[in-house]
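Student: Hi! I'm new to this one, could you walk me through it?
Tutor: Happy to, let's open it up and look together.

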Amino acid sequence: MKICKILLIFILFSNCNTEDKIFESSIPFKTLNSNETGINFSNNLKYKTKLNIIEYLYYYNGGGVSVGDINNDGLEDLYFSANLLPDRLYLNLGNMKFKDISLEAGLNMDNSWSNGVNFEDINGDGFLDIYVTKVSPISPENSHNLLYINNGDLTFSEMSENYGLNFSGFSTHGTFFDYDRDGDLDLYLLNHAIHTVRSYGTSKKRSESDSLSGDKFYENKINETEGKFIEVTRNANIYDSPLGYGLAVTATDINNDGWLDIYVGNDFHENDYIYINNKDKTFIESVKKSISHSTHFTMGIDVADLNFDGHQDIFTTDMMPFDSKIFLKSGGEDSDKRSRIKKEFGFQYQFSRNHFNLNRGNGTYSEIALQTETHATDWSWGVLLQDFDCDGLNDIFISNGILKRPNDLDYINYLSNVDFSKYNNTKQDELKKKLINEMPTLKIPNILFKNIGNLEFEKVKKSFIGKPSFSNGAAYSDLDKDGDLDIILNNLNSKSTILENLSDKTNNYISIKLKGNKSYSITRGAKVNLYYNEKKWVRENIITRGFQSSSTHNVFFGLGKVKKLDSIIIEWPDGFNQTEKNINTNQELIIKRNKDLISNKKLKNKKKQEYTLEILPFKHQENGYYDYEKERLIPERLSYEGPTGLSADFNGDGLNDLFLGGARYQSPKIYLGSENLKFNLVETPDFATDSKYEDVDAATIDIDNDGDLDIYVVSGGNDLMESDKNLMDRIYINDGKGNFSRLKISLPMTNGSTVSISDFDNDNYEDVFVGSRSIPGSYGLSPYSFILKNKGNNSFEIISKERFGMLTDSEWADIDGDSKIDLVMVGDWMPIRVLLNQGN
């Protein structure tokens, strides 16, 4: 195994043997040499007896990086946070040259543990201040979060206590925004739990408070009687419990009502949080109403429109490897049993992979990371959604790598064989060193998925960028003012990296700098809309992106071949709109807030489609059978694939009716549609009698040629052996009015999966194909599937009984265009299979 690791590392490094090599990717970047840039910061970690990954689980999470123009010279400067070393502040001198001004700027040069960092104008004096979050319990005594107030002369004064922001605890990052539209920046402070007894239990523990690890919310009252930030966590309905392992946070308008909401990414068992702004200084947590499942170990977040539909999508990172060798020896995903326990405890479904939540524009999201093949990028931290090649489509950058991989299964196996009894109290330090040294170390490349369009992205192994490393915090900015975005990385145990964007200049861009006025100075959270012909681009002026980092304060758009915009509409954070027209591209445009503005309510009064939602009194109740308890190696729960349903006109009134199948011990139901759009239940005695069957597929068939629709229902379930009478398929005969009774004939008795109806022999009687899913108790073996010929007297003849594979679906279709209907089958562990009709 170690040889494999060495070979893999050699392969990765063989493609990047010089620091200034231009890496072959669709969007070209150049890794700049630290001697060229002047940035020699390295976030170095080394073993310490009382501080290591055994003592602090987030020891290898690394630091952040922040971008902002501290002296208003038009060039954005850089701040790097360090864990065991002093932080560093670099002044941008232009032409990718930087100067370390940390000492003369007045930074605290102790070795307290820094995590996230933000450049924001906290006191509204026109100069960017710096807020740094600290992990105080593992830092020197009296450590706390720091607020550096900009003195306007390239020096700063640390004033966190004066401003009420000197929190001391397990802080990760913060995001500033005006949550109450009163003209100043408030703060959501993200903190994280460590593994203690208090961090485990049911979701009811969210009502508890934790003074060190619970998140905090601060209202800015600098210009009021209090003269500082006041903690209003509970008043704002924000959780501050020991359950939250907060690693990522951003403010964004989730429900598109013009008020900024909050997305919080949590590690481990706790849900991510979506706090919807109630517009009254309170929030309501509503993640379950918006998304169906989330990343298990959420580490990074960003928000942008990835499919060009004008809605902001959400991308979160996790740690699923893209390399099959690494994947097969990595732990992390919950077992089904553990997932069930978590659900019973009140937690949402989670999966240990990246999540791409596509905004549907109605307050809900569809998770499509698997479909877009952006789900697996390994141990991923910061995600940045931006148009890095200026073609008009937002790409996906992901920073990668962890210095030690504690979830390596070989390492976990090694731990199980360590004789801990050999190490008494005097040898504990020796034991810790040994355990940590055995953890695998593997540098991996960062990823840049080029957006091809129509929700297609380049494949992960064609998307490597920069040198393989342990990159954590990441940010973007046009550092050299050449019209494209460069990337800044904070790496563990190696020098921080600037990736210079070398994209050709055939595409156009615009970089917008927003400025408020005396009546309302806040620009954070403003929404910028660009219009050209039928095209629309939208981006929010938020800087807290990725992991522990913040990016450029300009709102940057790639525009492809567009040379002149029809208009720009700014939706300011306080609910007013401003329009600029006929704007040339390829410039940095400063837009100042006008005095006389239009409320965006007047521009958003397009009448929404009105509808009512009727909920049928039917809820699928899956029976509690767990396949893996009988078949230990089964990779999926075949007894948990959901019910079947049909929509058809069963009573001949021209309206669609519903057949809803049930699980085992649940009766199927018939609902007849009506002209008032109501569905009325029809009592069907034979359905109640047949509740012992599990309905897995169904199709309409006019078996008796009487002009109405009968129903063929496939029975299934992995909990009964083949040929069990409760696996028999069923046919229900329609009396023409939507009343059904079971036809007393013998039909296949397998763990069925699919039924398809067609008159394949053109005798005017509809025939049936029934496909089977598996042989219960023998997963992997192919079950029998059947072609049934309708004999015309309410009976069938089996004309084919073959083991076609573990089928999941089927369809009759004329594949070869010979006017004879053929059969197409798909399933697990098999190719697409087609049976061509020979006419005989």
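**Rings, strands and domains**

Tutor: One aromatic cluster is formed by Phe177, Tyr179, Tyr188, Phe217, Tyr239, Tyr273, Tyr275 and Phe283. Keep in mind that this is a predicted model.

Student: Thanks! How many aromatic pairs are there by the ring-centre rule?
Tutor: The count comes to 35 aromatic pairs. Take Phe268 and Phe297: their planes stand at 90°, over the 60 degrees needed, so the pair is edge-to-face. The ring centres of Phe268 and Phe297 are 5.7 Å apart.

Student: And where do Phe268 and Phe297 sit in the chain?
Tutor: Phe268 is in the loop between strand S15 (261-266) and S16, while Phe297 is in the loop between strand S18 (294-295) and strand S19 (300-304).

Student: Is Phe297 buried or exposed?
Tutor: Phe297 is buried, because its relative accessibility is 10% and the cut-off is under 20%.

Student: What about the pair Phe769 and Phe804, how are those rings arranged?
Tutor: That aromatic pair is tilted, with 55° between the planes and 6.3 Å centre to centre. Phe769 belongs to strand S50 (residues 767-774), and Phe804 lies in the loop between strand S52 (796-802) and strand S53 (806-813). The two are 35 residues apart.

Student: Buried or exposed, for Phe769 and Phe804?
Tutor: Phe769 is buried, at a relative accessible area of 0%. Phe804 counts as buried too, at 9% relative accessibility.

Student: Switching topic: which strands form the open sheet?
Tutor: Four strands form it, in the order S14-S15-S16-S17, with antiparallel pairing. Strand S14 (246-252) and strand S17 (283-285) are at the edges with a single partner strand each, so one side of each has no neighbour in the sheet. From one strand to the next, the twist averages 20°.

Student: How many bridges join S16 and S17?
Tutor: Three bridges, in the antiparallel sense, with strand S16 covering residues 273-277. As an example, Ile276 has Ile284 in S17 as its bridge partner.

Student: Which arginines lie over the face of a tyrosine?
Tutor: Arg340 lies over the face of Tyr626, 3.4 Å from the ring centre. Arg637 lies over the face of Tyr640, at 4.2 Å from the ring centre.

Student: Last one: what domains does the chain have?
Tutor: The domain assignment gives domain 1 (29-200 + 209-405 + 441-501), domain 2 (508-592) and domain 3 (627-835). The C-alpha centres of domain 1 and domain 3 lie 50 Å apart.

Notes
Residues numbered from 1 in each chain as written. Predicted model: local features only at pLDDT ≥ 70, side-chain atom pairs only at ≥ 80, totals over all residues. Heavy atoms only, no water. Domains from an automatic or database assignment. Pairing = 2+ DSSP bridges. Axes fitted to C-alpha atoms, helices over the stretch in contact; angles between N-to-C directions. Phe/Tyr/Trp six-rings, centres within 6.5 Å; stacked < 30°, edge-to-face > 60°. Buried < 20%, exposed > 50% of the residue type's maximum accessible area, 1.4 Å probe, protein only. Lys NZ or Arg CZ within 6 Å of the ring centre and 35° of its normal.
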